[in-house]
Amino acid sequence: SLASEGNKQYARALWMIELAINKSPRTAMLYYQRGRVHWHLGNYAKSVESYNVAIKENPKFLDAHLFLAELYFRDQNFKLAESHFSAATEMAPNQTAAVAGLAETRSLLGNANSAIELYERAVSLSPRSLVFRFKLAALYEDVQKDYAQALTAYKRIKTIIVESRSPANEQPVD
């Protein structure tokens, strides 16, 4: 199935994964693969259904949780996104994408204090990331009204930019 998917032979990939599921119906990875193939075919509802079955078979399936978290976030279903990001961060506390996704989700749900803690963790996991530092500085400034902490965060951003020595047009800063 993976080889067929790689060759963009999605119908064949789906046929092969269905055969594998028939032989081993309790294997989460097979449902995850079926979800991937359905996604390529544009069968989004079937894809989500397959990812949910993968999680049912293996509740600690990190990639399935991350996929669903990002999908629900994109669709602005922040409660479901939060539950999957939260599950992912419990399984992999140092997974930067999961931590940052949960931070952004909590921020949008109005839980600024939790978002700040999570962005601080994301910054510690990815210290050169300007995106996380900007989000954190904005929360300090706009939500907590902690202007000293915000100023410190902005100064650190400036230092990182100067230290990078890359051309200004390559910096993700407006």
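This is a predicted model: local features need pLDDT of at least 70, side-chain atom pairs count only at pLDDT 80 or more; totals for chains, interfaces and linings use all residues.
In which helix does Ser 86 lie?

1. Ser 86 lies in helix α6. Its relative accessible area is 17%, and because residues under 20% are counted as buried, Ser 86 is classed as buried. Leaving out residues up to four places away in sequence, Ser 86 touches Leu 102 and Arg 106.

2. Helix α2 covers residues 10-23 and helix α3 covers residues 28-41. The two pack at an angle of about 160°, and their axes are 9 Å apart. Since an angle over 145 degrees counts as roughly antiparallel, α2 is roughly antiparallel to α3. The crossing in which α2 passes α3 is left-handed. On the α2 side, the contact is made by Tyr 10, Ala 13, Leu 14, Ile 17, Glu 18, Ala 20 and Ile 21. On the α3 side, the contributors are Leu 30, Tyr 31, Gln 33, Arg 34, Val 37, His 38, His 40 and Leu 41. Sorted by class, this contact of α2 with α3 holds 10 nonpolar, 3 polar and 2 charged residues.

3. An α-helix has 3.6 residues a turn, so residues three or four places apart point the same way. The student may keep this in mind when looking at the contact of α2 with α3, to which Tyr 10, Ala 13, Leu 14, Ile 17 and Ile 21 are among the contributors from α2.

4. Helix α4 (residues 44-57) packs with helix α5 (residues 62-74) at an angle of about 140°, with the axes 9 Å apart. What does this angle make α4 in relation to α5? The angle makes α4 oblique to α5. The crossing of α4 past α5 is left-handed. From α4, the contact involves Ser 47, Val 48, Tyr 51, Asn 52 and Ile 55. From α5, it involves Ala 64, His 65, Phe 67, Leu 68, Leu 71 and Tyr 72. The contact of α4 with α5 has 8 nonpolar and 3 polar residues, and no charged ones.

5. At 1.5 Å a residue, its 13 residues should span 18 Å, and the end C-alpha atoms are 18 Å apart, so the two values agree. The buried residues of α5 include Ala 64, His 65, Leu 66, Leu 68, Ala 69, Leu 71 and Tyr 72. These buried residues pack against α3, α4, α6 and α7.

6. Two loop residues have a positive phi. Lys 8, in the loop between α1 and α2, has a phi near 60°, a positive value in a residue other than glycine. Gln 76, in the loop between α5 and α6, likewise has a positive phi near 60° and is not glycine. Are these residues buried or exposed? With a relative accessibility of 63%, Lys 8 counts as exposed. Gln 76 is exposed as well, at 60%.

7. Helix α7 and helix α8 (residues 112-125) have axes that come within 8 Å and cross at roughly 155°. The two helices are therefore roughly antiparallel to each other, and their crossing is left-handed. The α7 residues in the contact are Thr 96, Val 99, Ala 100, Leu 102, Ala 103, Glu 104, Arg 106 and Ser 107. Those of α8 are Ser 114, Ala 115, Leu 118, Tyr 119, Arg 121, Ala 122 and Leu 125. By class, the contact of α7 with α8 divides into 9 nonpolar, 3 polar and 3 charged residues.

8. Glu 104 belongs to helix α7, which runs over residues 96-108. Glu 104 is a charged residue by class, and at 18% relative accessibility it counts as buried. Apart from residues up to four places away in sequence, Glu 104 touches Phe 73, Tyr 119 and Lys 135.

9. Ala 98 is also found in helix α7. Its relative accessibility is 0%, so Ala 98 counts as buried. Which residues is Ala 98 in contact with, leaving aside neighbours within four places in sequence? They are Leu 66, Phe 85, Ala 88 and Thr 89. By contrast, Pro 25 is 73 residues from Ala 98 along the chain, and the C-alpha atoms of the two are separated by 28 Å.

Key. Residues are numbered from 1 along each chain as its sequence is written. Side-chain values use heavy atoms; hydrogens and water are left out. Axes are lines fitted to C-alpha atoms, for helices over the stretch in contact, and angles run from 0 to 180 degrees between N-to-C directions. Helices (H or I, at least four residues) and strands (E, at least two) are DSSP runs, numbered from the N terminus. Angles under 35 degrees count as roughly parallel, over 145 as roughly antiparallel, 65 to 115 as roughly perpendicular and the rest as oblique. A crossing is left-handed if the near helix is turned anticlockwise from the far one by less than a right angle, and right-handed if clockwise. Contact means heavy atoms within 4.5 Å. Buried means under 20% relative accessible area, exposed over 50%, partly exposed in between (1.4 Å probe, protein chains only). The expected span of a helix is 1.5 Å times one less than its number of residues.
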